[in-house]
Amino acid sequence: MILARVDDQLRSIFDGARRVAVLTGAGVSAESGVPTFRGGGDTEVWTFRGKHITELSSAELLATDPKLVWEWFDYRRGMLASIEPNAAHHALARWEERFESFTLVTQNIDDLHRAAGSQNILELHGNIWRARCLRCASAFEARDCPLEQIPPLCFVCGGPSRPDVVLFGEMLPEGVFERAEQSAARADLFFVIGPSAVVYPAAGLPIVAKQSGARIIEVNPEQTDISMFADITLLGKAGEILPQFLSTRG
Ligand code: OAD
């Protein structure tokens, strides 16, 4: 079913849910002014020196030109440094208190869910404000913006580091996807908010939830592959739709 806004029936499904899991993608940050990767909903798309994101954010480029990879991430950090969470991030932080269990799974590396106050967050693709040592594997916060030096050096051993994010061609951090899958399998309500649902394995989580009996609610200004099996697609912007679940009026 496709809806343009949250109605009373949907709000009562939300109020009656006990175990809720949410998957967010780039679209949840779009109203903060963060570009997306593939567009949709009139969003700006990331570009850098004429290269495509799959080339820039790749394990292959990290191996051959780590400086360029750091410059690309430093460029993104520069843009994100002045960006604030929007109404969608704030609504999700408030949802966390309402349910017996609530898990927020995100593909985003921008840290905006944490900035809005969400606590139980599974970051599938890492975090742009962290670096990881290539020598001793320690992860550490790297908040300078722009970075003082490229690559930042490890606090523990002084070795060179890389962004602590998942690049194309790499596995997800150990254990994180498994926990996301468990929360999807346990959920009675599963929200999919603003991924284009083409990047796996994250795009498989709504399928796990559906197969385990959860209702699937998608929030996106455009239909995606998820819309085919979602119980409800709310066609609209996350920052406008999500706060409606908490309001008392229809
Ligand atoms: P995409 O850029 O692929 O998709 C963004 C989605 O957000 C589209 O479906 C839009 O229609 C939707 N959208 C736009 N504005 C919205 C709004 N206001 N509210 C809700 N939805 C909105 O983003 P992701 O699927 O998150 O991975 O991208 C997945 C991965 O591709 C990223 O994590 C990144 C990238 O390459 C890596 O870097 C490994």
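**Ligand site and backbone**

I start with His 125: an N or O atom in its side chain is 2.8 Å from an oxygen atom of the ligand. By polar contact I mean a pair of N or O atoms within 3.5 Å; within protein, one must be able to donate a hydrogen and the other to accept it, and residues adjacent in sequence count only if both atoms are side-chain atoms.

Before going on: this is a predicted model, where local features need pLDDT of at least 70, side-chain atom pairs count only at pLDDT 80 or more, and totals for chains, interfaces and linings use all residues. Residues are numbered from 1 along each chain as its sequence is written, and side-chain values use heavy atoms, with hydrogens and water left out.

Asn 220 has a side-chain N or O atom 2.7 Å from an oxygen atom of the ligand. How much of the ligand does the protein bury? The figure is 96% of the 800 Å² that the ligand exposes when taken alone (Shrake-Rupley areas, 1.4 Å probe; for residues, only the protein chains shown count as cover).

There are 27 residues around the ligand, counting a residue as near if one of its heavy atoms lies within 4 Å. Those that come nearest are Ala 26, Phe 37, Arg 38, Ser 196 and Asn 220. By class, this shell has 12 nonpolar, 12 polar and three charged residues. The classes are: Ala, Val, Leu, Ile, Met, Phe, Trp, Tyr, Cys and Pro nonpolar; Asp, Glu, Lys and Arg charged; the others, Gly among them, polar. Helix H2 (27-30) and strand S9 (215-220) each supply at least two residues of the shell.

Now the fold. The protein has 10 helices and 10 strands, which are DSSP runs numbered from the N terminus (helices H or I, at least four residues; strands E, at least two). Along the principal axes, the C-alpha atoms fill a box of roughly 55 × 35 × 30 Å.

Last, the backbone. Most residues other than glycine have a negative phi, and most peptide bonds are trans. Cys 145 and Pro 146 are joined by a cis peptide bond, omega about -5 degrees; Pro 146 lies in the loop between strand S6 (139-141) and strand S7 (161-165). Tyr 200 to Pro 201 is also cis, with omega near 10 degrees, and Pro 201 sits in the loop between strand S8 (189-193) and helix H9 (205-211). Arg 49, not a glycine, has a positive phi of about 50 degrees; Arg 49 is in the loop between H2 and helix H3 (53-56).
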